[in-house]
Amino acid sequence: PRAQWDGHTTELKLTRLRVLAQQASVASLVADLGAQARQRRQAEGLSLRAAAEQIGIGFNTLSRLERGHDASFFNALAVLDWLARPANLDQSGEVT
């Protein structure tokens, strides 16, 4: 029984390590997304409010994302969509 418990304990530790590694990867992706958003926003001379309006999210959300805080899946997708769009297109695909 002791050997099984040790194996179980080891498996739990490995599972926790895997979860921590995944969380670190997600945190790294969020930080990178925020850095890219800030870089593009500044390159275009946009305020947080103007960029957030183009993206379709709240400016507080964009600010938090730029500072490396977590974002919802849908907000992250909106930012990714904005980053993929040419600089002169708005959310509806119209030339600005």
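Visitor: Which ring does the charged end of arginine 40 sit over?
Guide: Welcome! Keep in mind that this is a predicted model. The charged end of arginine 40 is placed 4.7 Å from the centre of a ring, and it sits over that ring. The ring belongs to tryptophan 82.

Visitor: Is arginine 40 buried or exposed?
Guide: Arginine 40 is found in helix 1, which covers residues 2-43. Its relative accessible area is 12%, and buried means under 20%. Therefore arginine 40 counts as buried.

Visitor: How far apart are the end C-alpha atoms of helix 4?
Guide: Helix 4 runs over residues 73-84, which makes 12 residues. At 1.5 Å a residue, the helix should span 16 Å. The model agrees with this, as the end C-alpha atoms are separated by 16 Å.

Visitor: Which residues of helix 4 are buried, and what arc do they cover around the axis?
Guide: The buried residues in helix 4 are Ala76, Ala78, Val79 and Trp82. They lie on the same side of helix 4, because the arc they cover around the axis is only 155 degrees.

Visitor: And which residues are exposed on the other side of helix 4?
Guide: An α-helix has 3.6 residues a turn, so residues three or four places apart point the same way. Turning to the other side of helix 4, the exposed residues there are Phe73, Phe74 and Ala84.

Visitor: What kind of aromatic pair do phenylalanine 73 and phenylalanine 74 form?
Guide: A search of the whole structure finds 1 aromatic pair. In this pair, phenylalanine 73 and phenylalanine 74 are 5.5 Å apart, centre to centre, with 80 degrees between the planes. Planes over 60 degrees apart count as edge-to-face, so the pair formed by phenylalanine 73 and phenylalanine 74 is edge-to-face.

Visitor: What is the relative accessible area of leucine 80?
Guide: Leucine 80 lies in helix 4. Leucine 80 is classed as partly exposed, and its relative accessible area is 45%.

Visitor: Which ring does arginine 49 lie over?
Guide: Arginine 49 is at 3.7 Å from a ring centre, over the face of the ring. That ring is the one of phenylalanine 59.

Note on methods: Residues are numbered from 1 along each chain as its sequence is written. This is a predicted model: local features need pLDDT of at least 70, side-chain atom pairs count only at pLDDT 80 or more; totals for chains, interfaces and linings use all residues. Side-chain values use heavy atoms; hydrogens and water are left out. Helices (H or I, at least four residues) and strands (E, at least two) are DSSP runs, numbered from the N terminus. The expected span of a helix is 1.5 Å times one less than its number of residues. Buried means under 20% relative accessible area, exposed over 50%, partly exposed in between (1.4 Å probe, protein chains only). The arc is that of the directions from the helix axis to the C-beta atoms. Rings of Phe, Tyr and Trp (its six-membered ring) pair if their centres lie within 6.5 Å; planes under 30 degrees apart count as stacked, over 60 as edge-to-face and the rest as tilted. A charge sits over a ring if NZ of Lys or CZ of Arg is within 6 Å of the ring centre and within 35 degrees of the ring normal.
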